[in-house]
Amino acid sequence: MNNILSLRGVTKRFPTFFPLKDLSLRFPDFTLEDVSFDLPEGFVMGLVGKNGAGKTTIIKSILNMLRLNDGSISVFGRDHLEAEREIKARIGVVMDYTFFVEDWTPDAVERAVAPFYPAWEKETYRKLLVKFSINPKKKIKELSRGMKMKLTTAVALSHGADLLILDEPTSGLDPVARDELLEILRDYMSGGNRSILFSTHITSDLEKIADYITFIDNGKIMASQPADDFLGKYFIVRGGLGILDEEQKKLLIGYREHSVGFDGLIERALLPRLPPSVVAEPGNLDETIIRLAGRRNGDE
Amino acid sequence: MNRIALFILLGFRSMPVMAKILMPFFSIAMMLMFSFEASPKASMAWFAGLMSALFIAQPFAIAEKNRLETLHAMLSLTRNDVVKAKYLCFICVLAVIMLPPLLLKPVFSPNNEAVYFLITDTFLVASFVTALLYPLFFKIGYGKTGAVISLVGIIFFVILIASRSLPGFIAFFALLISATLPVKIALGLILVCLSYMLSLKIYRNKDL
């Protein structure tokens with residue numbers, strides 16, 4: 001299996017803005033630390049984590065928008081700096097904001113960006129505009145947020161990209177628009193050996209589409225594995241109050257007590273150590289991420 | 001088409017329609033102004049140079065307003081391409097503005113040598129302003145550059161006045177204006193080359 005994208009030991013430090021200690025205005029520093037993962041060709045990888053975990057930093061690093069302190073990134077088997085032009089011609093990008101001149105129309109967007117892509121598909125772009133009900137003569141600033149995201153997606157899908165990089169593309173979209181976008185991505189994946197790196201904190205989107213999950217928290221990769229393995233590793237457990245002793249409670253991640261009982265996340269391997277009266281079910285992505293992120297932040 | 005040429009075209013496309021319409025008019029106005037001017041005036045060169053530099057800075061303003069740095073990062077371009085294109089754009093715009101008066105001089109004012117002085121002075125002023133501004137645009141962006149330049153400019157003149165160096169500073173400028181044409185052109189080119197190298201270093205290491 002070929003890896004379309006590989007990160008090895010990627011480190012990016014954002015130094016503290018005010019280096020003086022105990023200063024109330026001191027900004028917290030952030031470090032993307034020793035990030036390594038692979039995205040195999042033909043699969044969708046979900047990059048999950050809460051806001052500020054480092055998802056956008058990873059994506060910006062891949063796109064050479066940030067200067068790395070350490071590590072290397074290869075895309076299509078080539079170093080992302082040495083073959084920057086060739087790589088970018090084969091990547092489609094959707095960010096959670098538009099990056100076109102607000103006074104441009106979709107027609108003007110095409111005139112501006114198409115010459116940069118040798119494989120620009122005019123027909124595909126036209127079809128996508130029709131499919132998304134985007135008026136090609138309407139100015140971008142007059143489009144809704146959902147329409148702007150669809151326009152950016154149309155551009156990303158119209159130059160025969162082999163890799164789509166999506167940074168929070170569904171944030172701010174209503175459920176119908178989100179579902180439409182996911183449908184488009186499914187169509188894209190059916191077109192051959194294509195791959196998607198999909199960053200989001202709306203994990204329900206990923207459950208519908210992701211083959212791999214990379215979970216990042218506080219700048220560190222906590223897990224990067226096939227989605228089924230990631231989800232199969234954890235169970236959500238529930239039960240009445242007083243049925244767990246203190247040792248058993250410590251086995252649970254994100255243990256919470258409420259008026260009628262408790263719930264928490266547990267690794268599959270540890271499940272036999274709980275009493276049989278506990279109800280266990282496979283964890284969904286949302287709950288698993290919330291509990292795991294909570295553990296990292298010492299919320300327990 | 002070459003990627004750098006495409007990028008220059010992208011910068012032109014991103015400019016507001018009004019700026020695109022005004023540009024040829026500005027060129028014609030300069031052409032007429034220079035062609036019929038009998039004696040070189042530094043103030044005209046300053047005006048023309050500053051206006052040229054303002055025109056050239058437009059794509060930076062548009063790019064910042066519309067987050068085009070992200071678009072540039074998406075396209076099949078390197079950071080070197082971006083910097084190179086911005087400076088080439090400066091040369092192209094100056095050429096568009098200054099070449100017509102130069103070429104039409106033999107027709108309109110064959111005996112008026114002042115045109116050469118005005119053109120080279122304009123080139124020198126535009127080069128100086130651009131050489132100063134571009135690295136700042138790349139480092140801190142268009143919006144902050146205005147504030148920084150104003151502040152630094154005020155501090156600079158306060159220091160000049162306080163240290164009684166203003167006459168010396170004015171004399172230095174007078175010396176520049178009285179320099180020969182090749183010296184002015186060479187000085188302008190040196191300033192632009194130094195600025196280009198600095199901008200390249202800044203933009204290569206910038207986090208977008």
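The model is a predicted one, in which local features need pLDDT of at least 70 and side-chain atom pairs count only at pLDDT 80 or more, while totals for chains, interfaces and linings use all residues. Residues are numbered from 1 along each chain as its sequence is written, and chains are lettered from A and ligands numbered from 1 in the order in which they are written. Chain A contains 10 helices and 14 strands, where helices (H or I, at least four residues) and strands (E, at least two) are DSSP runs numbered from the N terminus. The C-alpha trace of chain A spans about 65 × 45 × 40 Å along its principal axes. Among the contacts of chain A between residues at least 6 apart in sequence, 70% join residues at least 24 apart, a contact being counted if the C-beta atoms of two residues, placed from the backbone, lie within 7 Å.

Strand 8 of chain A, residues 195-200, has six of its six residues buried, so it is largely enclosed by the rest of the structure. In a regular strand the side chains alternate between the two faces of the sheet. In strand 8 of chain A, A:Ser195, A:Leu197 and A:Ser199 point one way, whereas A:Ile196, A:Phe198 and A:Thr200 point the other way. Strands are taken to pair if DSSP finds at least two bridges between them. Strand 3 of chain A (residues 44-48) runs parallel to strand 8 of chain A and is joined to it by five bridges, with A:Leu47 having A:Ser199 as its bridge partner in strand 8. Strand 7 of chain A (residues 163-167) is likewise parallel to strand 8 of chain A and joined to it by five bridges, and here the bridge partner of A:Ile165 is A:Leu197. When neighbours within four places in sequence are left aside, A:Leu197 is in contact with A:Leu5, A:Leu39, A:Met45, A:Leu47 and A:Ile165.

The contact between the two takes 13 residues from domain 1 of chain A and eight residues from domain 2 of chain A. On the domain 1 side, helix 7 (203-207), strand 9 (212-217) and helix 8 (227-232) of chain A each supply at least two residues, and helix 7 of chain A gives the most, with four residues. By class, this side of domain 1 has five nonpolar, four polar and four charged residues, where Ala, Val, Leu, Ile, Met, Phe, Trp, Tyr, Cys and Pro count as nonpolar, Asp, Glu, Lys and Arg as charged, and the others, Gly among them, as polar.

Between the chains, 22 residues of chain A are in contact with 21 residues of chain B. The elements giving two or more residues to the chain A side are helix 2 (84-89) and helix 3 (106-113) of chain A, and the largest share, four residues, comes from helix 2 of chain A. This side of chain A has 14 nonpolar, one polar and seven charged residues.

In chain B, helix 8 (residues 166-177) has 12 residues, of which the number buried is zero, so this helix lies largely in the open. Helix 8 of chain B reaches 17 Å from its first C-alpha to its last, close to the 16 Å expected at 1.5 Å a residue, the expected span being 1.5 Å times one less than the number of residues.

Positive phi values are found in residues other than glycine in both chains, at A:Asp34 and at B:Arg67. A:Asp34, with phi near 50°, has its place in strand 2 (residues 30-40) of chain A and is partly exposed, with 15 other C-beta atoms within 10 Å. B:Arg67, with phi of about 55°, lies in the loop between helix 3 (42-65) and helix 4 (68-74) of chain B and is partly exposed, with 17 other C-beta atoms within 10 Å.

Key
A residue is buried if 20 or more other C-beta atoms lie within 10 Å of its own, exposed if 12 or fewer, and partly exposed in between; C-beta atoms are placed from the backbone.
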